[in-house]
Amino acid sequence: MNTKHLIVSIIIILVVIAAGVAWYFYSAEYLQDYLMQGSDATENIDYEDDSAAEISADLEKTPDDSELNGDMNSLDAQVQGF
Amino acid sequence: MKKIHKYLFLVVIAAGLASYSSLVFAEDSTVQPSQNVRATAMEAREAVKNRIEAQKEKIKEAREAAQAKAKELKEKAKNRIEEIKDKKKKETAEKIASQFERINKIWTDHFTNVLDRLDAILQKIKSRTQKAGENGKDVTLVNAAITNAEAKIAQARSAVALQAQKTYVLNTSATDPTSTTQEALVTSLREQFKVLKKQLHTDLAALRDGAMKSAREAVKSTFEALSNIPGVDNE
């Protein structure tokens, strides 16, 4: 009985520790996602590197407006389906 | 002989002191530019940050004022949708009615983000132009392009703020009040939704292809003018 009890206790402790570790990493990832959503488009700009290559890369990474038509088409489909 | 040794000793000490002081000054002169670069970068970051905050506040106020103004119209539209008896149709109508403002907010926020980024990039172009000027390069064209880009960004920011304060609410007075049948009510609302969707698309596309495109092109042209300067990256 004692051995069985001990094994069950160890398993429970291990499960609790595993759940804690998983939760720690999940919440960290979740927090990171949350912070990413709140970030602005200038956050990854390195103001100290003003070389032409770096400025060119910054320009390349500027978001485009290509998804506007997609959003409007989706809205149009909803209106047509009403 | 002792005297010579004494003089030699003094000369060695003096030479040692001179080389030490020259090392100190050399160290100072190497630290100075990097400190300047850091200070200029911090100033640029601060300037962009202030403009971003000011624009955010401006858009927030514009949105709040527009929401307050449209409150009555929204209430009327809500009541009109409530008249739909088909539960599924009613839910769809409510969803569509909320989509217009959601899309407008997403896109005005997106345009603001793009302008913030262009503004930050322009600060870097200005910093590089200043260095090129100090190195004796001709930066007249770049400076003219910078002034133009700053004006275009400012114009685009105003246009985005104007767009953010627009509301897209069902005009219940335009829906047929005599539409007593459910079918007539749905048809009337559908037509209104089409009008709103067309208006929103026209407004956002005009902003994208007008002020936003001009700002993007102005910053791009400024960078092109800068990269045309030979040895522009020389410190």
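Predicted model: local features only at pLDDT ≥ 70, side-chain atom pairs only at ≥ 80, totals over all residues.
Q: Which residue forms a salt bridge with K74(B), and which parts does the pair tie together?
A: The partner is E101(B), with the closest N and O atoms 3.1 Å apart. K74(B) sits in helix 1 (residues 2-82) of chain B and E101(B) in helix 2 (residues 87-134) of chain B, so the pair ties together parts 27 residues apart in sequence. K74(B) is partly exposed, at 30% relative accessibility.

Q: Where do K194(B) and E191(B) lie?
A: Both are in helix 4 (residues 182-227) of chain B. They are 3 residues apart, about one turn of the helix. K194(B) is partly exposed at 29% relative accessibility, and E191(B) is partly exposed at 41%.

Q: Which residues are linked with D50(A) in a network of salt bridges?
A: R128(B), K131(B) and D233(B) are linked with D50(A) in that network.

Q: Which residues touch the most other members of the largest nonpolar core?
A: In soluble globular proteins, nonpolar side chains tend to be buried together. The largest nonpolar core here has 61 residues, and I125(B) and F193(B) touch the most other members. Helix 2 (52-60) and helix 3 (67-81) of chain A each supply at least two residues of this core, as do helix 1, helix 2, helix 3 (140-164) and helix 4 of chain B.

Q: What does F193(B) touch?
A: Leaving out residues up to four places away in sequence, F193(B) touches V79(A) and F82(A) in chain A. In chain B, F193(B) touches A93(B), I96(B), A97(B), F100(B) and L170(B).

Q: What area do chain A and chain B bury between them?
A: The size of an interface is often given as the accessible area lost when the parts come together. For chain A and chain B the figure is about 3,800 Å², 66% of it on carbon and sulfur atoms. The contact takes 35 residues from chain A and 49 residues from chain B.

Q: How many polar links does the rule find between chain A and chain B?
A: There are 6 salt bridges between chain A and chain B. One salt bridge joins D76(A) and K197(B), with the closest N and O atoms 3.7 Å apart. Helix 3 of chain A gives the most to the side of chain A that touches chain B, with 11 residues. By class, that side has 13 nonpolar, 9 polar and 13 charged residues.

Technical notes:
Residues numbered from 1 in each chain as written. Chains lettered and ligands numbered in written order. Heavy atoms only, no water. Salt bridge = Lys/Arg side-chain N within 4 Å of Asp/Glu carboxyl O. Helix = DSSP H or I, 4+ residues; strand = E, 2+ residues; numbered from the N terminus. Buried < 20%, exposed > 50% of the residue type's maximum accessible area, 1.4 Å probe, protein only. Core = buried A, V, L, I, M, F, W, Y, C linked by side-chain atoms within 4.5 Å. Contact = heavy atoms within 4.5 Å. Buried area = accessible area lost by both parts, 1.4 Å probe. Nonpolar A, V, L, I, M, F, W, Y, C, P; charged D, E, K, R; others polar.
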